[in-house]
Amino acid sequence: MSISRRFLPANLCFATGRCARKLYGVLLVIGLSTPFYSLYLEGITHKLVERRSSPLTQTARSVPEVTPTARNVTPEHTRLLIYNRVPKCGSTTTFKILNTLRKMNKFHHKNSEIYHTEWLSVEERKRLLQGLYKFTSRYPRSFDRHLFYFNATRLGFQRPAWMNIIREPVSRFISEFYFVRTREQWSIVESLKQKKRPPESWFNMQLDECAAAGHPECKPSPGDNMTLQLTFFCGHHPTCRQVGSRWALNQAKYHLENYYSVVGVLEELSLSLRVLQHYLPRFFNNVGALELGSGYVVLNERPKEYKPTVTNATKGMLRSVLKEDLELYQFARQRLYLQARAIGILDEVGG
């Protein structure tokens, strides 16, 4: 039996209508606030990523001591190789090798012409990885740039393979000291063209003269900031640029051992290339067919006027200043030999 509307109390109909209006209002508020809440959650997630990559988070935990091993840390099925090249370590030669091998091994190589901008913000790192991973489903890709190491998985990306080539630190320092003083660089490199050009006395300065004067550029004190060879492996933390930092050295060793497939040494380039072929075959297969100086690859030798004679006293001073760089160099060299011995090629090259 249905109840006629006229038998319902008037206040009940009024209450029902008011409740409906309130319910509609609540639903409207929820609908409008949901996008803002999503943006809020996205912002919180971004902050957590930044905190995990922040200096305070990194210095809060101690870096474990590591010893070099021959284990293969190349991610399985990796399709991206990052070569965060260290300046004055044969990077032009290595780039030429990769550029030649890309045709043989059917991968794409991207060479960055950005110099003197090794530090990237979190957002810049994410954009870089997005661009690099965009087309890796079609073909593998290698990428080279002067760049400090960073952890891709903390940014939500698949871990790429990393590689590098380093050099005896004192020789590298001398080479870079005179290279940045070539006037042509200040007319060609965009990042240098945007800076104030130094006076002629700076271009004409000799390393022995600089060291004798105690100039911070060539004789820094412990705690001073300087981009060292180990900085490229240590990462983006400000302490990675501090001269004499044991924390920076241990961080560099940890990253090198756990995330770099191969770190070759310029003084053992042929051996380094053979180890690269074994640990990164997707990219370095057939490297044995490339003989240095054959026309495929030419060492990037510069005229002797860029490498003046440096006294033993200055070299001794540099060995003292760069002792952490020297320790990392020996660490990487020992690891390279262990890798070469593990794949059975060390005895072939007289090691």
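This is a predicted model: local features need pLDDT of at least 70, side-chain atom pairs count only at pLDDT 80 or more; totals for chains, interfaces and linings use all residues.

Biologist: What share of the 351 residues in the protein chain is buried?

Modeller: Buried residues account for 44% of them. The accessible surface of the protein chain is about 19100 Å², and carbon and sulfur atoms contribute 55% of that area.

Biologist: Which contacts tell us how the chain folds back on itself?

Modeller: One looks at contacts between residues at least 6 apart in sequence; in this protein chain, 77% of those join residues at least 24 apart.

Biologist: In what order do the strands of the sheet lie, and is their pairing parallel or antiparallel?

Modeller: The five strands make an open sheet in the order E2-E3-E1-E4-E5, with parallel pairing. Strand E2 (108-111) and E5 are the edge strands; each has a single partner strand, so one side of each lacks a neighbour in the sheet. On average, and with direction ignored, neighbouring strands of this sheet are turned by 15° against each other.

Biologist: How many bridges join strand E1 and E4?

Modeller: Strand E1 (residues 80-83) pairs with E4 in the parallel sense over three bridges. As an instance, Tyr83 has Met163 in E4 as its bridge partner.

Biologist: Which strands does helix H3 touch?

Modeller: Helix H3 (residues 91-105) packs on the sheet and touches E1, E2, strand E3 (141-144) and E4. The direction of H3 makes about 150° with that of E2.

Biologist: How should I read the aromatic side chains?

Modeller: One examines the distance between ring centres and the angle between ring planes. The whole structure contains 12 aromatic pairs. In one of them, the rings of Trp162 and Tyr260 have centres 5.8 Å apart and planes at 50°; this angle lies between the cut-offs of 30 and 60 degrees, so the pair is tilted. The pair links distant parts of the chain, since Trp162 is in strand E4 (residues 161-166) and Tyr260 in strand E5 (residues 260-265), 98 residues apart.

Biologist: Are Trp162 and Tyr260 buried or exposed?

Modeller: Trp162 has a relative accessible area of 1%, and Tyr260 has a relative accessibility of 0%. Buried means under 20%, so both residues count as buried.

Biologist: Why is the pair of Tyr254 and Tyr259 called edge-to-face?

Modeller: Their ring planes stand at 75°, which is over 60 degrees, so the pair is edge-to-face; the centres are 6.3 Å apart. Tyr254 is partly exposed at 26% relative accessible area, whereas Tyr259 is buried at 18%. Tyr149, Phe150, Trp162, Phe233, Tyr254, Tyr259 and Tyr260 form one aromatic cluster.

Biologist: Over which rings does Arg181 lie?

Modeller: The charged end of Arg181 sits over the ring of Phe177, 3.8 Å from its centre. Arg181 also lies over the face of Trp202, at 4.1 Å from the ring centre.

Biologist: As a last exercise, where is Gln206, and which residues does Gln206 touch?

Modeller: Gln206 is found in the loop between helix H8 (200-204) and helix H9 (207-212). Its relative accessible area is 35%, so Gln206 is partly exposed. Leaving aside residues up to four places away in sequence, Gln206 touches Phe177, Tyr178 and Pro308. Gln206 and Phe177 are 29 residues apart in sequence, with 8.9 Å from C-alpha to C-alpha.

Terms used: Residues are numbered from 1 along each chain as its sequence is written. Side-chain values use heavy atoms; hydrogens and water are left out. Buried means under 20% relative accessible area, exposed over 50%, partly exposed in between (1.4 Å probe, protein chains only). Contact means heavy atoms within 4.5 Å. Accessible areas come from the Shrake-Rupley method with a 1.4 Å probe; for residues, only the protein chains shown count as cover. Rings of Phe, Tyr and Trp (its six-membered ring) pair if their centres lie within 6.5 Å; planes under 30 degrees apart count as stacked, over 60 as edge-to-face and the rest as tilted. Helices (H or I, at least four residues) and strands (E, at least two) are DSSP runs, numbered from the N terminus. A charge sits over a ring if NZ of Lys or CZ of Arg is within 6 Å of the ring centre and within 35 degrees of the ring normal. Two strands pair if DSSP finds at least two bridges between them. Axes are lines fitted to C-alpha atoms, for helices over the stretch in contact, and angles run from 0 to 180 degrees between N-to-C directions.
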